[in-house]
2 protein chains.
Amino acid sequence: MKLAYDGTAFSGFQIQPNKRTVQGEIEKALSKMAKGDFIRIKGAGRTDAGVHARGQMIHFDYPKYIPAEGMLRAMNTLGPEDIVFLNSEIVDQTFHSQYLATGKIYQYRVDNHQLKDPFTRLYAHHHPFEMDLKRTQKALAVLEGTHDFTSFASAHSDKEDKTRTIYEASVMIDEKTEEWIFTFRGNGFLYNMIRIIMGTILQIADGRRPLEDIKRILEAKDRTAAGPTASPKGLCMMEVLYDEHTLDE
Amino acid sequence: MKLAYDGTAFSGFQIQPNKRTVQGEIEKALSKMAKGDFIRIKGAGRTDAGVHARGQMIHFDYPKYIPAEGMLRAMNTLGPEDIVFLNSEIVDQTFHSQYLATGKIYQYRVDNHQLKDPFTRLYAHHHPFEMDLKRTQKALAVLEGTHDFTSFASAHSDKEDKTRTIYEASVMIDEKTEEWIFTFRGNGFLYNMIRIIMGTILQIADGRRPLEDIKRILEAKDRTAAGPTASPKGLCMMEVLYDEHTLDE
């Protein structure tokens, strides 16, 4: 199933005791539907507390046959208001939402107005300093390609190999809302990687750091060389990528 | 001062004991600023619980001189996250935010997608039925002009004279979000008037009521002739209108 959620009221995706999580709420709804049978779900990626999604993917085994359309309707009825199920498909046993993902697309929204917009305060990071678009684009371009992203990974990252490929790191300014919308497309992202990239990029964008720093930070392979971790609310998981044949049977 | 607020977490604008209200929060911030002196504010209009604002206007007497810019900065620092002060001006004693208002502009947003968008669920009314734009526009046109709006006023309205002039009642579909955005510009609106108009217009838009009903309802001068009161979250006070000279000194 493909789903969207407003991450504001969740302690992240992953289930945790006594916390309201995306996984916890979905498993609760599924178990209600299966008359008490516990059903474990697996998500393509674990978003942190406050991080949103417009294209998270999950898979699970359901004990009996239900048409995909019926499952979609049922989950939208039984699930909470802040999760919306967008699509449902019956896949074969070999499908795995996480292991078969070949990449992900994330968006990071920045509200650059001097005064915070009360209607996007939960969905965009507020950065009220003058930013240079060209400079920002140049910094992002340095990140594209295959690199060791150790400097941009949380010290809590449990991944041994920190080499990832970013196919696209770009930014555009929305004509209507004037928001800065950053797009990151890559084969995988380390824990907190986009938020640390954003915390650093914003320092370059507003002139607190020289543009050359981005290359220096990458080469340092040291988390302390990079900027702070930007707030989770600006981040949204937009799409999980699979090989074309993965979902076609 | 001109202000915007996300109405979601407020029990409306007007102060009420033991409730979180816009007026209550602003008066609390002002009193903090004035070192405990209580300061009463007056708003141009009392928005209901869940109703939003992008252009509410308030006025108040502050015991000592503070430059307008300083007041703006202070209130944005002391006020809560879901209220943003957009503008501040020092006016003479004759100004009154409510009595001198010559009109108001409201917007009503409708999410017409089959599945509710989790990111606009607090800011748009969800109406997942097929709607006819031409038909909707024809119904809105009937409301323009000077009419007795008794049928579209809450039974709790305390206004004797229910005649109001609507200069504009229009709708457009946002190209990007596909939301239906309704605009109402008038010299004044009765209690719940726009929400009852919207509850009725949506029934005409999706074909549950004939187009001719709108004229019939106006003429009935009876609240029970109209449709239900649409949800508050779609409604936003966009602008309060004053005569040009009112704010120019």
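Trainee: Is A:Tyr106 buried or exposed?
Mentor: A:Tyr106 has a relative accessible area of 10%, so it counts as buried, the limit being under 20%. Keep in mind that this is a predicted model.

Trainee: Where does A:Tyr106 lie, and what does it touch?
Mentor: A:Tyr106 lies in strand β5 of chain A. Not counting residues up to four places away in sequence, A:Tyr106 touches A:Phe182, A:Thr183, A:Phe184, A:Phe189, A:Ile194, A:Leu235, A:Cys236, A:Met237 and A:Met238.

Trainee: Which UniProt annotation covers A:Tyr106?
Mentor: The UniProt annotation is "binding site", and it comes from an unreviewed entry.

Trainee: And which residue does UniProt list for "active site"?
Mentor: UniProt lists A:Asp48 under that label, again in an unreviewed entry. In the model, A:Asp48 is in the loop between β2 (42-43) and β3 of chain A.

Trainee: What is A:Asp48 in contact with?
Mentor: Leaving aside neighbours within four places in sequence, A:Asp48 is in contact with A:Gly12, A:Tyr191, A:Asn192 and A:Arg195.

Trainee: Switching to other loops. Where is A:Ile66?
Mentor: A:Ile66 is in the loop between β3 (52-59) and α2 (68-78) of chain A.

Trainee: Buried or exposed, that A:Ile66?
Mentor: Buried, because the relative accessibility of A:Ile66 is 18% and the limit is under 20%. Beyond its neighbours within four places in sequence, A:Ile66 is in contact with A:Met33, A:Met71 and A:Ile90.

Trainee: What separates the C-alpha atoms of A:Ile66 and A:Ile90?
Mentor: The separation of those C-alpha atoms is 9.0 Å, with A:Ile66 and A:Ile90 24 residues apart along the chain.

Trainee: What about A:Thr120, buried or exposed?
Mentor: A:Thr120 is buried, at a relative accessible area of 15%. The loop that holds A:Thr120 runs between β5 (101-111) and β6 (125-126) of chain A.

Trainee: Which contacts does A:Thr120 have?
Mentor: Setting aside neighbours within four places in sequence, A:Thr120 is in contact with A:Arg109, A:Asp111 and A:Glu179.

Trainee: On to helices. How do α3 and α5 of chain A cross?
Mentor: The axes of α3 (residues 133-143) and α5 (residues 213-220) of chain A come within 9 Å and cross at roughly 25°. Angles under 35 degrees count as roughly parallel, so α3(A) and α5(A) are roughly parallel to each other. Their crossing is right-handed.

Trainee: Which residues of α3(A) and α5(A) meet?
Mentor: From α3(A), A:Ala139, A:Val142 and A:Leu143 meet A:Ile214, A:Lys215 and A:Leu218 from α5(A). By class, that contact has 5 nonpolar, no polar and 1 charged residues.

Trainee: What do α3 and α5 do in chain B?
Mentor: In chain B, the axes of α3 (residues 133-143) and α5 (residues 213-220) come within 9 Å and cross at roughly 25°. That angle makes α3(B) roughly parallel to α5(B). The crossing of α3(B) and α5(B) is right-handed. Making the contact are B:Ala139, B:Val142 and B:Leu143 of α3(B), with B:Ile214, B:Lys215 and B:Leu218 of α5(B). Those residues divide into 5 nonpolar, no polar and 1 charged.

Trainee: At what angle does α3(B) cross α4 of chain B?
Mentor: Roughly 145°, and the axes of α3(B) and α4 (residues 193-205) come within 9 Å. α3(B) passes α4(B) in a right-handed crossing.

Trainee: Which residues make the contact of α3(B) with α4(B)?
Mentor: On α3(B) they are B:Arg135, B:Thr136, B:Ala139, B:Leu140 and B:Leu143, and on α4(B) they are B:Ile197, B:Ile201, B:Ile204 and B:Ala205.

Trainee: Last topic, backbone angles. What is phi of A:Lys35?
Mentor: Phi of A:Lys35 is near 50°, which is a positive value in a residue other than glycine. A:Lys35 is in the loop between α1 (22-33) and β2 of chain A, and at 77% relative accessibility A:Lys35 counts as exposed.

Trainee: And phi of B:Glu178?
Mentor: Near 65°, also a positive value in a residue other than glycine. B:Glu178 is in the loop between β8 (163-173) and β9 (180-186) of chain B. Its relative accessibility is 45%, so B:Glu178 counts as partly exposed.

Terms used
Residues are numbered from 1 along each chain as its sequence is written. Chains are lettered from A and ligands numbered from 1 in the order in which they are written. This is a predicted model: local features need pLDDT of at least 70, side-chain atom pairs count only at pLDDT 80 or more; totals for chains, interfaces and linings use all residues. Side-chain values use heavy atoms; hydrogens and water are left out. Helices (H or I, at least four residues) and strands (E, at least two) are DSSP runs, numbered from the N terminus. Buried means under 20% relative accessible area, exposed over 50%, partly exposed in between (1.4 Å probe, protein chains only). Contact means heavy atoms within 4.5 Å. Axes are lines fitted to C-alpha atoms, for helices over the stretch in contact, and angles run from 0 to 180 degrees between N-to-C directions. Angles under 35 degrees count as roughly parallel, over 145 as roughly antiparallel, 65 to 115 as roughly perpendicular and the rest as oblique. A crossing is left-handed if the near helix is turned anticlockwise from the far one by less than a right angle, and right-handed if clockwise. Ala, Val, Leu, Ile, Met, Phe, Trp, Tyr, Cys and Pro count as nonpolar, Asp, Glu, Lys and Arg as charged, and the others, Gly among them, as polar. UniProt positions are given in the numbering used here, feature names are shortened, and annotations may be inferred rather than shown by experiment.
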